[in-house]
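Have the sequence and the 3D view open as you read.

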Amino acid sequence: MTREEKIELLQNQAQHYRISKEDLNKECEDNDIELYDEVLEPIGFNICDRCGDYGWSEQDFLWVDCFPWDEDNKTDQAILKEIEIEGVDYCALCWDCVDELKKKGAKHVVQSKD
């Protein structure tokens, strides 16, 4: 199998979620293929900066810098607070990581008594 055929196979498997992130990473490493530049980006996929999972760039991720955060929204406050606590400059986060950040950050957000 040529390098190009291997890349095409990995792209097909990723597009249809037929390969785990661990196996995809291993296949790329074993075949000296760049995961993002050669496999994921050309098919419109990206990688979560927190857990390394992959998915469609436009639907499977929250883009931290582009999201319209609402300072009065408790959920937004919780997510942003936990990102601050983790101290990592995230760009793309999968929805599972967003949910984790929301839950972990909720304890740091004071709930109003309406």
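**Starting from a cysteine**

Cysteine 94 sits in strand S4, which covers residues 92-94; strands here are DSSP runs of E with at least two residues, helices are runs of H or I with at least four, and both are numbered from the N terminus. Before going on, note that this is a predicted model, where local features need pLDDT of at least 70, side-chain atom pairs count only at pLDDT 80 or more, and totals for chains, interfaces and linings use all residues. Residues are numbered from 1 along each chain as its sequence is written, and side-chain values use heavy atoms, leaving out hydrogens and water.

Is cysteine 94 buried or exposed? Cysteine 94 counts as buried because its relative accessibility is 8% (buried is under 20% relative accessible area, exposed over 50%, partly exposed in between, with a 1.4 Å probe and protein chains only). Setting aside neighbours within four places in sequence, cysteine 94 touches Cys48, Cys51, Asp60 and Phe61, where contact means heavy atoms within 4.5 Å.

Now look at helix H4, residues 74-86. The buried residues in H4 are Asp76, Ala78, Ile79, Glu82 and Ile83. Down the axis of H4, they fall within an arc of 160 degrees, so they line one face of the helix (the arc is taken from the directions from the helix axis to the C-beta atoms). Strand S4 turns up again here: along with helix H5 (95-106), S4 is part of what covers the buried residues of H4.

Just after H4, glycine 87 takes a positive phi of about 70 degrees.

How values were computed. Expected span 1.5 Å × (residues − 1).
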